[in-house]
Amino acid sequence: MTTKHEFFVDMTCEGCSGAVTRVLNKLGGVQFDIDLPNKKVFIESEKDTDVLLETLKKTGKEANYIGPK
């Protein structure tokens with residue numbers, strides 16, 4: 001079953017959100033929305049939260065799991 005998760009990612013610009021988009025597109029099997037002003041990423045996926053968090057950390061930005069949305 002697909003679950004929607006909320007993550008904090010320390011994004012400051014369009015380049016940051018672009019990096020998040022690139023790593024999530026490479027992961028595949030995810031749908032996501034980026035809320036740049038609030039530094040939030042909402043990911044809908046069947047993947048484990050640890051996998052999603054490690055993927056977001058590949059951007060080099062601070063990332064934390066907030067919880068299910």
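Analyst: Happy to; here are the ground rules, and then your questions.
This is a predicted model, in which local features need pLDDT of at least 70 and side-chain atom pairs count only at pLDDT 80 or more, while totals for chains, interfaces and linings use all residues. Residues are numbered from 1 along each chain as its sequence is written, and side-chain values use heavy atoms, leaving out hydrogens and water.

User: What makes the pattern of the chain β-α-β-β-α-β?

Analyst: Helices are DSSP runs of H or I with at least four residues, strands are runs of E with at least two, and both are numbered from the N terminus. The chain has two helices and four strands, and reading along the sequence gives β-α-β-β-α-β.

User: Why is the chain called as compact as a globular protein of its length?

Analyst: The globule rule is 2.2 Å times the number of residues to the power 0.38, and the radius of gyration is taken over C-alpha atoms. The chain's radius is 11 Å, close to the 11 Å the rule gives for 69 residues, so the chain is as compact as a globular protein of that length.

User: What makes a set of residues a nonpolar core?

Analyst: Its members are buried Ala, Val, Leu, Ile, Met, Phe, Trp, Tyr and Cys residues joined through side-chain atoms within 4.5 Å; buried means under 20% relative accessible area, with a 1.4 Å probe and protein chains only. The largest such core here has 15 residues, and Val9, Met11 and Val20 are among those touching the most other members. Helix α1 gives the most to this core, with four residues.

User: How many residues of the chain count as buried, as a percentage?

Analyst: Of the 69 residues, 35% do.

How values were computed:
Buried < 20%, exposed > 50% of the residue type's maximum accessible area, 1.4 Å probe, protein only.
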